[in-house]
Amino acid sequence: MIQFENVSFEYEKGKTVLSGISFSIGEGETVGLIGANGAGKSTVMKLLLGLAGPGAGNAGGSRTEGRILVDGLEVIPRNLAAIRRKLGFVLQNSDNQMFMPTVLEDMLFGLLNYGMSRQEALQRADSVLRELGQENLRDLYNHKISGGEKRMAAVATVLAMDPEVLLMDEPTSALDPYNRRIIIDTIRKLPRTKIITSHDLDMIYDTCSRVILLSGGKVAADGSAEEILRDKELLESNRMELPLRFQR
Amino acid sequence: MSQNIERSIRDLREMDALSSGNSAIHTVSAGAKLLVTVVYILTVVSFDKYRVSGLLFMIFYPAVLFAVSGIPVSTCLYKLRFVLPLALAVGIFNPILDRQPAFSIGSFTVTAGMISMLTLMMKGVFSLMASFLLVATTRIEALCGALRKIHVPSMFVTLLLLTYRYAAVLAEEANVMTQAYSLRAPGQKGIHYSAWGSFLGQLLLRSMDRAEELYSSMLLRGYHGEFYYAQGRKSSASDFLYAVLWCALFVAARCLNLTQILGSAVMR
């Protein structure tokens, strides 16, 4: 489904962010992308979404080597519309994702942009909210809902577009334990290919079967969550710690 | 200062809430309301500067809209609190410049300048009220859609819409920064002028970061430079009737002195 083939990237000359990373993610896999600050997680996401690198025409003097493929399509400007149709991205800051006045309007935004009729779009939005058990959010104003509700609404907004791959950036940051648990349960139930970046390794352990550990712009480890998240030496040598549950 | 910004953010959001109502006026198509508002303002400003009684009838339109939409007049006056004084100040020098006597009430002589000042004030207030009622009963997206329908350039409409949306983002960032500043400058009113440069620079950078994320979020959901609202909903026969009736009434009010006719009818 997703392939990074020996991808190197620098935002400006001499400042390498990723160097020669390769991995592929199959359909239906849930992969946790972990690493210390500056390891390159966000850049991987941006490259995949075409917000930086070849998809964005290597704007701002950036330079990319290697190829990134989504469902066989190379991430280049020509393929961007088709690729973005397949990807759904939940931003870390839901306030920056929800720019329409109400949750429903936000859910409709993408659907109508893709040419769906208002009637169909409304049905889709309602069905997603029902699936998530969040019907109560439908007509609420985005600025009046809590952080947890906002995160659920952001997930609903993206799921309404029925993406084949769901990308999530720090889905549990700034959430209280109750809302964190709800998000984790929701992620687990979603039958899609998922890529999650987070420093919350307990959440990664709960939701992902596979983990890719990035360090200094390189893939330091790629394997099962069970194996990598229990490897104290590996994690600590890459400025990470064992998930809390394994520290006791 | 922080409270002022918070109030501004609240004001913006209140306008969103007002425009999301479901009164009979809210359900009229944005295009019809836009047309009626434009014709109304043009009619109001076209009145002769001494025709107070004719102009007085034009209050009928905002009065009906306030009554039907359920929007309190006080809300309108509160939202327009900064611009209303300007509208009222427009003709303030007329009584000095034009001292020709018009008529007398007892020993008090009313000059032509006083009358023209009054009409100018009425024109300003009525036009502002009509504009407020348009925005308060129409979603900004629907309004932009109506503007696109009358072929206002896409670039301008998108700019208008995004400015409206980003205004809140900018205000939120300004609010966070002002709070952070005041926490480290207790007892100080406002922001010291020596910090204005860096404050504005930081505000711009932070807003740009947020705006970039918002824009990315739009792009990732299929935004391609034209809001889908541009398609809008089709106007129905009732929208057409709404526009025609109001416009006909405005033209009648402009050509005939409806206030006088109504007054005479009542007196009879």
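This is a predicted model: local features need pLDDT of at least 70, side-chain atom pairs count only at pLDDT 80 or more; totals for chains, interfaces and linings use all residues.
Colleague: Which residues of helix 4 of chain A are buried?

Modeller: Start with the general idea: an α-helix has 3.6 residues a turn, so residues three or four places apart point the same way. In this case the buried set includes Val103(A), Leu104(A), Met107(A), Leu108(A), Leu111(A) and Leu112(A). Glu105(A), Asp106(A), Phe109(A) and Gly110(A) are buried too.

Colleague: And what covers the buried residues of helix 4 of chain A?

Modeller: The cover includes helix 5 (118–132) and helix 6 of chain A. After helix 4 of chain A comes Gly115(A), with a positive phi near 85°.

Colleague: Let's move to the sheet. In what order do the six strands of the open sheet in chain A run?

Modeller: Strands of a sheet pair through backbone hydrogen bonds, either parallel or antiparallel. Here the order is 6-7-8-3-9-10, and the pairing is mixed. At the edges sit strand 6 (87–90) and strand 10 (218–224) of chain A, each pairing on one side only. From one strand to the next, the twist averages 15°.

Colleague: How many bridges join strand 6 of chain A to strand 7 of chain A?

Modeller: Four, and these two strands run parallel; strand 7 of chain A covers residues 165–169. If you want a spot to look at, find Phe89(A), which stands opposite Leu167(A) in strand 7 of chain A. Helix 6 (residues 147–159) of chain A packs on the sheet and touches both strand 6 and strand 7 of chain A. The direction of helix 6 makes about 170° with that of strand 6 of chain A.

Colleague: Now an antiparallel case. Over how many bridges do strand 1 and strand 4 of chain A pair?

Modeller: Strand 1 (residues 2–12) and strand 4 (residues 63–70) of chain A pair over seven bridges. To place yourself, look for Gln3(A), opposite Leu69(A) in strand 4 of chain A. Strand 4 of chain A also runs antiparallel to strand 5 (residues 73–74), with two bridges joining them. There Val70(A) stands opposite Leu73(A).

Colleague: What does Asp71(A) do in the hairpin of strand 4 and strand 5 of chain A?

Modeller: Asp71(A) takes a positive phi near 50°, in a hairpin with two residues between the strands.

Colleague: Over to chain B. At what angle do the axes of helix 5 and helix 9 of chain B cross?

Modeller: Two packed helices are described by the angle between their axes and the distance between the axes. For helix 5 (residues 60–69) and helix 9 (residues 112–137) of chain B, the axes cross at roughly 30° and come within 10 Å. Because of that angle, helix 5 of chain B counts as roughly parallel to helix 9 of chain B. Their crossing is left-handed.

Colleague: Which residues of helix 5 and helix 9 of chain B meet?

Modeller: From helix 5 of chain B come Tyr61(B), Pro62(B), Leu65(B) and Ser69(B); among those they meet in helix 9 of chain B are Phe126(B), Met129(B) and Leu133(B). By class, this contact has seven nonpolar, two polar and no charged residues.

Colleague: Last one: how many residues of chain B are in contact with chain A?

Modeller: 15 residues of chain B, and they touch 18 residues of chain A. On the chain B side, helix 12 supplies the largest share, five residues. That side has five nonpolar, four polar and six charged residues.

How values were computed. Residues are numbered from 1 along each chain as its sequence is written. Chains are lettered from A and ligands numbered from 1 in the order in which they are written. Two strands pair if DSSP finds at least two bridges between them. Axes are lines fitted to C-alpha atoms, for helices over the stretch in contact, and angles run from 0 to 180 degrees between N-to-C directions. Angles under 35 degrees count as roughly parallel, over 145 as roughly antiparallel, 65 to 115 as roughly perpendicular and the rest as oblique. A crossing is left-handed if the near helix is turned anticlockwise from the far one by less than a right angle, and right-handed if clockwise. Two residues are in contact if their C-beta atoms, placed from the backbone, lie within 7 Å. Ala, Val, Leu, Ile, Met, Phe, Trp, Tyr, Cys and Pro count as nonpolar, Asp, Glu, Lys and Arg as charged, and the others, Gly among them, as polar. A residue is buried if 20 or more other C-beta atoms lie within 10 Å of its own, exposed if 12 or fewer, and partly exposed in between; C-beta atoms are placed from the backbone.
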